[in-house]
Amino acid sequence: MYFYTMKRALFPGSFDPLTLGHYDIIKRGVTLFDEVIVAIGINADKSYMFSLEERQKFIEEAFKDEPKIKVMTYEGLTVDFCKEIGVEFILRGLRNPADFEFEKAIAHTNRDLAPIETVFLLTSAKTSYIASSIVRDVIRNNGDYTKLVPSSVRVK
Ligand code: ADP
């Protein structure tokens, strides 16, 4: 007898706001996994440009026609949240060597904490330079941010 277990991945981040870089990784993630859960981490010590509700709405709206993509919020350790909802994979994007070094330390730590595999996707060439911090900077300075984010992300 053959039992198929759903392969689900968590894509954690702040998404302040969602960018075309995140969008690319999530879209490609669903070709590998049965379900991708975009998980917005809540960090009480951090201040954000967009409220949690806004960040969540941007993601939900961007993927409203994708039944395999879910949006959730969580507090605490990413691996604890994975265990809580029974997810076995963490999905992360890699843009450059700095991302690699940073992600390597996190992935090794997570592996010490729980038997959860981190899967990395290399960013698409077209979106490799995009970062939420740069998008926020463009917004703050009244630049045209719309080229860097999905159409669901708009400043009121
Ligand atoms: P954090 O606040 O944890 O840095 P981010 O929202 O910036 O979260 O990023 C979440 C994930 O998205 C990370 O794996 C990051 O490497 C990835 N990511 C961010 N921007 C891009 C991009 N332009 N291309 C590919 N991956 C990206």
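Predicted model: local features only at pLDDT ≥ 70, side-chain atom pairs only at ≥ 80, totals over all residues.
Reader: What percentage of the residues count as buried?
Author: Of the 156 residues of the protein chain, 42% count as buried.

Reader: OK, the fold. How many helices and strands?
Author: Five helices and five strands make up the secondary structure of the protein chain. From the N terminus on, the order is β-α-β-α-β-α-β-α-β-α.

Reader: What does the C-alpha trace span along its principal axes?
Author: About 60 × 35 × 30 Å.

Reader: And contacts between residues at least 6 apart in sequence: what share join residues at least 24 apart?
Author: In the protein chain, 77% of those contacts do.

Reader: Let's go inside. Which residues touch the most other members of the largest nonpolar core?
Author: Phe11, Leu18, Ile26, Ile59 and Leu91. That core holds 28 residues.

Reader: Which elements give two or more residues to this core?
Author: Strands E1 (8-13), E2 (35-42), E3 (69-75) and E4 (89-94) do. So do helices H1, H2 (52-62) and H5 (132-140).

Reader: What other core lies apart from that one?
Author: Another core, of eleven residues. Among them are Leu10, Ala39, Val79 and Ile90.

Reader: Back to Leu18. What is Leu18 in contact with, leaving aside neighbours within four places in sequence?
Author: Tyr23, Ile26, Phe58, Ile59, Ala62 and Phe63 are on the list. Val149, Pro150 and Val153 are on it too.

Reader: New topic, the ligand. Which residues around the ligand come nearest?
Author: Ser14, His22, Gly93, Thr127 and Ile130, out of 17 residues around the ligand.

Reader: What polar atoms face the ligand's oxygen atoms, and how far off are they?
Author: A polar backbone atom of Phe15 is 3.3 Å from an oxygen atom of the ligand. For His22, a polar side-chain atom lies 3.0 Å from a ligand oxygen atom.

Reader: And Thr127?
Author: Thr127 has a polar backbone atom 2.8 Å from a nitrogen atom of the ligand.

Reader: How much of the ligand does the protein bury?
Author: The protein buries 85% of the 560 Å² that the ligand exposes when taken alone.

Reader: Is Asp24 buried or exposed?
Author: Buried, because its relative accessibility is 14%, under the 20% cut-off.

Reader: What does the Asp24 side chain make a polar contact with?
Author: The side chain of Arg28, at 2.8 Å.

Reader: Last one, Lys147. Where does Lys147 lie, and is it buried or exposed?
Author: Lys147 lies in the segment after H5. Lys147 counts as exposed, because its relative accessibility is 59%.

Reader: Which side chain does the Lys147 side chain join in a polar contact?
Author: That of Asp144, at 2.8 Å.

Reader: How far is Lys147 from Leu20?
Author: Their C-alpha atoms are separated by 8.4 Å. Along the chain, Lys147 and Leu20 are 127 residues apart.

Conventions:
Residues numbered from 1 in each chain as written. Heavy atoms only, no water. Buried < 20%, exposed > 50% of the residue type's maximum accessible area, 1.4 Å probe, protein only. Polar contact = N/O pair within 3.5 Å; in protein donor to acceptor, adjacent residues only side chain to side chain. Core = buried A, V, L, I, M, F, W, Y, C linked by side-chain atoms within 4.5 Å. Helix = DSSP H or I, 4+ residues; strand = E, 2+ residues; numbered from the N terminus. Contact = heavy atoms within 4.5 Å. Near = heavy atom within 4 Å. Areas by Shrake-Rupley, 256 points an atom, 1.4 Å probe, with all protein chains shown as cover.
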